[in-house]
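I opened my notebook to look up a few things in this structure. Here is the model I worked from, and my entries follow below it.

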Amino acid sequence: MEEKDEGIPNRELYALLNISPDASTEQIRKAYRQWAQMKEIATENFQRICEAYEILSDENKRMIYDIYGMEGLNSGLELGPKLNKAEEIKEELEKLRRRKEQEKLAHIRPTGSIMANLSLPDFCEGDGIMKGMAMASEVQSQMSKRIAVAIGGNLAVTGNSGGGAATAVLKHQISSVASIELMASAGLRSIIGIETTRHLSPHSSATAGLAMSLKDGSINLSNLWTRQLSQTSNGNIQLLLGTESSIAVGWQKKEEKISVAGEIKFGTSSFGASAHYTHRFSSKSHGRITGRLGSNALEFEIGGGRRISDFSTVRMLYSIGIQ
């Protein structure tokens with residue numbers, strides 16, 4: 001972040017309030033009150049005027065703005081009584097700039113999981129307790145501000161059969177309200193697809209996708225509508241058209257300690273309903289209860305997990321049901 005040396009101070013916020021860069025705090029308050037009284041006339045710029053008042057009425061924020069402009073304020077600097085000199089502010093901003101440069105180099109995020117499927121009934125009957133195992137891994141990389149790439153793969157073995165797949169996803173943020181994803185998967189089910197998401201309003205979004213199977217050439221269309229119902233809950237409707245057409249209605253609620261979700265799904269050859277409840281006992285541990293009911297199975301699942309490090313979590317789930 002470079003300090004501006006042209007001798008031209010940052011004046012945009014002062015111009016919004018129609019005051020001088022040398023204006024006193026009282027003059028700033030008076031100018032803001034005058035604009036507030038004309039809110040209906042200045043609706044288009046009123047949000048920016050409020051932002052200008054918030055910054056210029058704060059001594060530390062105003063000092064940062066005068067030196068570095070909005071870039072300095074948006075850099076993540078934590079203001080405090082110890083940062084009351086331009087030299088101290090400049091030193092802190094330089095530290096933040098170097099930290100952001102290091103974060104750019106660390107934009108590759110690998111993740112992975114290993115799951116073991118143990119069967120108590122099989123073990124009681126004299127068979128092995130290990131019923132199957134699955135592994136999955138993924139590497140995500142933020143190539144630029146608008147482009148992200150994810151490459152992953154998974155392997156699963158159940159009894160004497162198994163399978164695997166490799167997947168690559170390219171995501172491009174077209175604008176602040178729209179994005180597009182290109183996906184390709186190779187394995188037992190080789191698929192290529194495209195998906196686009198757009199925010200229709202501050203509380204709702206829509207996603208449309210098209211996928212084609214390289215094995216038989218079948219095409220599947222998907223549409224998902226999501227609506228925020230409250231600060232902690234949202235609902236969605238999903239429509240799938242293809243070899244297995246279906247419609248599903250879902251609901252989710254997430255708070256600090258609990259999360260709840262439910263879904264009802266009707267398909268051309270099946271139907272089902274599911275619900276789960278998760279309770280976080282602490283920042284490291286949680287418990288979970290899940291139930292599924294449908295034309296194919298009746299299943300109940302209980303378990304939990306615990307974070308054992310900054311990068312690892314162990315989970316154990318016990319399920320009982322009828323197929």
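This is a predicted model: local features need pLDDT of at least 70, side-chain atom pairs count only at pLDDT 80 or more; totals for chains, interfaces and linings use all residues.

**Entry 1: salt bridges**

I began with Glu-255, which forms a salt bridge with Lys-253, and I read 3.3 Å between their closest N and O atoms.

Next I checked how open the pair is to its surroundings. Glu-255 is partly exposed because its relative accessible area is 36%, and Lys-253 is partly exposed too, at 25%. The cut-offs I used are these: buried is under 20% relative accessible area, exposed is over 50%, and partly exposed lies in between, with a 1.4 Å probe and protein chains only.

How many salt bridges does a search of the whole structure find? I got three.

Another one joins Glu-299 and Arg-292, with 2.5 Å between the closest N and O atoms. I found Glu-299 partly exposed at 30% and Arg-292 partly exposed at 35%.

I also looked at Arg-29 and Glu-26, whose side chains meet in a salt bridge at 3.7 Å, N to O. Helices (H or I, at least four residues) and strands (E, at least two) are DSSP runs, numbered from the N terminus. Arg-29 is partly exposed at 35%, and Glu-26 is partly exposed at 46%.

I located Met-115 in strand 1 (residues 108-118). Is Met-115 buried or exposed? It counts as exposed, because its relative accessible area is 51%.

I then listed its contacts, where contact means heavy atoms within 4.5 Å. Leaving aside neighbours within four places in sequence, Met-115 is in contact with Gly-132, Met-133 and Ala-134.

Ala-156 was my next stop, and I found it in strand 3 (residues 147-158). Ala-156 is partly exposed, at 33% relative accessibility. Not counting residues up to four places away in sequence, Ala-156 touches Met-133, Ala-134, Ser-161, Gly-162 and Gly-163.

Ala-156 and Ala-134 are 22 residues apart in sequence, with 4.1 Å from C-alpha to C-alpha. Met-115 and Ala-156 are 41 residues apart in sequence, and their C-alpha atoms are 9.1 Å apart.

I followed the chain onward to strand 4 (residues 161-173) and strand 5 (residues 178-187), which pair in the antiparallel sense over nine bridges. Two strands pair if DSSP finds at least two bridges between them. Within this pairing, I noted Ser-185 in strand 5 as the bridge partner of Thr-167. Strand 4 and strand 5 form a hairpin, with four residues between them.

Which strand do eight bridges join to strand 5? I found strand 6 (residues 191-201), and the two run antiparallel. Here Leu-182 has Ile-194 in strand 6 as its bridge partner. Strand 5 and strand 6 form a hairpin as well, with three residues between them.

Notes
Residues are numbered from 1 along each chain as its sequence is written. Side-chain values use heavy atoms; hydrogens and water are left out. A salt bridge is a side-chain nitrogen of Lys or Arg within 4 Å of a carboxyl oxygen of Asp or Glu.
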